Amino acid sequence: MLVEKYFPKNFSEIKGQQALVKDILAWINTWGSEKKALLIYGPPGSGKTTMVKVLAKELGYDLIELNASDKRDQTALNRIVGNAASSKTLFGYKKIILLDEADNIHGKEDFGGAKALLEIIKNTQNPIILTANSYWEVSQAIRENCKLVQFKRLQSRTVFARLKEIAVAEGINVDEKVLLKIAEQSGGDMRAAINDLDSLGKNIAMGDEKLVGSRDTEASIFEALSKLYTSNTIDVRKEFFNIDKKPDELLLWIDENTPKAYKGKDLLNSMNFISKSDIYLKRALNTRNYSMWKYASDLMTGGVSVAGITDSRYIPFSPPKYFQVLGSSKKARVTNNVILDKIGKKCHCSRKIARSYLPMIAILFLNPRKGALIANFFEFDMEEIKFIDEKNYRKIEHEREELLKIPEKKEKIKVVPVTIDKKVESKVEIIKKEKESQKESEKEEQQKNRQKTLFDF
C-alpha cells in the first residue's frame with residue numbers, strides 16, 4: 001500500500017500543515033506546567049493522526065492509541081487510557097496517549113465515555129492528544145480542558161505535489177493533468193488521493209481518474225465563515241450552498257462570529273445586513289412565503305462579506321451562544337413546565353393561565369406557613385419550591401415538616417341511645433323528611449365540589 005510506504009517519517013515530510021508544528025511542539029514542551037490535553041480538529045485526510053505519530057517518533061515518546069473502531073465506554077477508557085495516563089513506561093520514558101475521532105464518543109456503545117475521558121484529562125500524568133473532524137461535536141467540558149489546534153483542508157496543489165513525488169518514485173506512467181484531477185477530486189483528503197493513485201495501477205491513461213470519482217465532502221461551516229470574512233465578494237454565498245444548516249441557524253452563526261472578524265464601521269455595516277436578513281426570515285415564517293429565504297441568505301452571506309474585510313489572520317470562530325444557553329437552561333425549563341402542569345391540574349387551566357398565577361404564589365411564599373399549605377395543595381416537591389422562591393424554600397420545607405407532625409383531629413362520635421317510637425309517621429311526613437335530607441346532601445356535594453382558589457389560603 002502506497003499510503004503506508006510513503007507515510008511521513010519526520011515533520012518535514014508532513015505536507016500543508018508546517019505552520020502548526022511550532023504550536024504543537026510548544027504545547028508538548030510546556031505540558032508539565034499546564035496539564036491541558038491537545039485537541040487537533042479538521043477535515044478527514046488533513047494529517048491530524050499523522051502529525052501525532054510523527055511527533056511521538058521525533059521526540060521518542062511511546063504512543064498509546066485508541067481509535068474509533070475500539071470500544072470507548074467508561075469501563076474501556078478507564079482500563080486502557082486511564083492506566084496509561086497514570087503510569088510511566090520502563091526506564092522513565094514518557095507516553096503520548098492518542099484518542100482518535102473524539103467527536104464520535106456518544107451513543108449506547110460509548111456510554112459514560114465522555115465523563116470518564118474528562119476525569120482522565122484532569123488527572124493524567126502523561127500528555128493526551130484528541131483528534132476530531134468537528135470540534136463542536138466534542139463536549140464543551142472536554143474542550144475547556146484542551147488546547148485547540150485547527151488543521152485546514154489541504155489545497156489541491158499540495159496534494160498534487162505529493163502525488164507527483166510518489167508517481168516519480170514508483171515509476172508510475174501518468175500525465176500531470178490526471179494527477180491534478182485526482183488531487184482536485186480528493187477534496188483535500190491526502191490519504192484518499194494516494195489510495196486513488198494506488199488503485200489505478202502503473203499505467204494511468206487520460207480519463208482514468210473518472211474511475212475513482214469525486215469525494216463527496218460536506219463543506220465545513222468554519223471554512224465557509226473564513227471565506228465569508230476574507231473574500232469581500234457577494235459570490236461567497238455559493239460557499240454556503242452545501243452547508244447543512246437552515247437559514248435561521250446560519251444567521252446565528254454569522255451573528256456570533258462577525259464581531260470577531262470586523263471592527264468599527266465594517267462591523268456596523270455588516271450588522272445592518274444581518275438585521276435586514278433577520279427581518280426577511282421573520283416575514284417568511286409569518287407569511288409562509290419561503291421564497292424570501294433567498295433574500296435573507298444573500299444578505300447574511302454576500303452582504304456581510306462586502307461590508308468589510310478582516311485584518312486578522314486567525315479568527316477564533318465559535319458556535320452560537322444561543323445553543324449553549326438552551327442547553328444550560330434545559331433543566332430550568334423542564335421544572336417550570338412541571339410546575340405549570342401541577343397548577344393547571346388543580347386549577348383546571350392551561351399553562352398560559354397557570355403562568356399568571358406564579359407571581360401571586362411567589363408573594364404568598366413570603367409567609368412560610370402559607371407557602372407550606374400552597375405547596376401541599378399543588379403537590380410541589382422541594383426542587384419546585386426552590387425554583388419559585390430560592391430564598392425562602394428551606395423555611396417553607398421546614399413548615400411542611402411541622403404540618404406533618406400535627407395529628408389529625410378526629411371527631412368524637414356521640415353515642416345516642418336508640419328509642420323505638422311506636423308512633424307511625426304519616427306518609428306526608430316521610431316524604432317531607434326525604435326532601436329535606438336530599439337538599440342537605442346536595443348542599444354538601446356543592447360545597448365539596450367548589451373550586452379551591454389561592455384566596456382560600
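Two strands count as paired if DSSP finds at least two bridges between them. By that rule β1 and β5 pair: five bridges join the two strands, which run parallel. The model discussed here is predicted.

## Overall make-up

The protein chain holds 20 helices and five strands. Of its 457 residues, 39% are buried. The accessible surface comes to about 28,500 Å². Carbon and sulfur atoms account for 53% of that surface.

Strands of a sheet pair through backbone hydrogen bonds, either parallel or antiparallel. Here the pairing is parallel. The five strands form an open sheet, in the order β2-β3-β4-β1-β5. Which strands stand at the edges? They are β2 (62–66) and β5 (146–150). Each has a single partner strand, so one side of each is left without a neighbour in the sheet. From one strand to the next, the twist averages 20°.

Strand β1 covers residues 37–41. In the sheet order, β1 stands between β4 and β5. Four bridges join β1 to β4 (residues 128–132), and these two strands run parallel. Ile40 stands opposite Thr131 in β4, and Tyr41 stands opposite Ala132 in β4.

How many residues of β1 are buried? Five of its five residues are, and the strand is mostly covered. Both faces are involved. Ala37, Leu39 and Tyr41 lie on one side, with Leu38 and Ile40 on the other, and all are buried.

## A buried threonine

Thr50 is found in helix α3 (residues 48–59). Is Thr50 buried or exposed? The cut-off for buried is under 20% relative accessible area. Thr50 has 19% relative accessibility, so Thr50 counts as buried. Leaving aside residues up to four places away in sequence, Thr50 touches Phe7, Pro8 and Ile14.

## Aromatic pairs

The structure holds four aromatic pairs. A pair of aromatic rings is described by the distance of the centres and the angle of the planes. Two of the pairs are set out below.

| Pair | Centre to centre | Angle between planes | Arrangement |
|---|---|---|---|
| Tyr229 and Tyr262 | 5.4 Å | 90° | edge-to-face |
| Tyr280 and Tyr295 | 5.8 Å | 40° | tilted |

Tyr229 and Tyr262 link distant parts of the chain, 33 residues apart. Tyr229 lies in helix α10 (residues 221–231). Tyr262 lies in the loop between α11 (247–261) and α12 (264–287). Both Tyr229 and Tyr262 are buried.

What does the pair of Tyr280 and Tyr295 tie together? Tyr280 lies in helix α12 and Tyr295 in helix α13 (residues 293–307), so the pair ties together parts that are 15 residues apart in sequence. Tyr280 is partly exposed, with a relative accessible area of 28%. Tyr295 also counts as partly exposed, at 42% relative accessibility.

Phe377, Phe378 and Phe380 form one aromatic cluster. One of these rings also meets a charge. The charged end of Lys346 sits over the ring of Phe377, 5.3 Å from its centre.

## Positive phi angles

Most residues other than glycine have a negative phi. Which backbone angle stands out at Arg288? Arg288 has a positive phi of about 60°, although it is not a glycine. Arg288 lies in the loop between α12 and α13. Those helices also carry Tyr280 and Tyr295. Arg288 is exposed, with a relative accessible area of 67%.

Glu379 likewise has a positive phi of about 60° and is not a glycine. Glu379 lies in the loop between α17 (368–378) and α18 (382–388). At 49% relative accessibility, Glu379 counts as partly exposed.

How values were computed:
Residues are numbered from 1 along each chain as its sequence is written. This is a predicted model: local features need pLDDT of at least 70, side-chain atom pairs count only at pLDDT 80 or more; totals for chains, interfaces and linings use all residues. Side-chain values use heavy atoms; hydrogens and water are left out. Axes are lines fitted to C-alpha atoms, for helices over the stretch in contact, and angles run from 0 to 180 degrees between N-to-C directions. Rings of Phe, Tyr and Trp (its six-membered ring) pair if their centres lie within 6.5 Å; planes under 30 degrees apart count as stacked, over 60 as edge-to-face and the rest as tilted. Buried means under 20% relative accessible area, exposed over 50%, partly exposed in between (1.4 Å probe, protein chains only). A charge sits over a ring if NZ of Lys or CZ of Arg is within 6 Å of the ring centre and within 35 degrees of the ring normal. Accessible areas come from the Shrake-Rupley method with a 1.4 Å probe; for residues, only the protein chains shown count as cover. Contact means heavy atoms within 4.5 Å.
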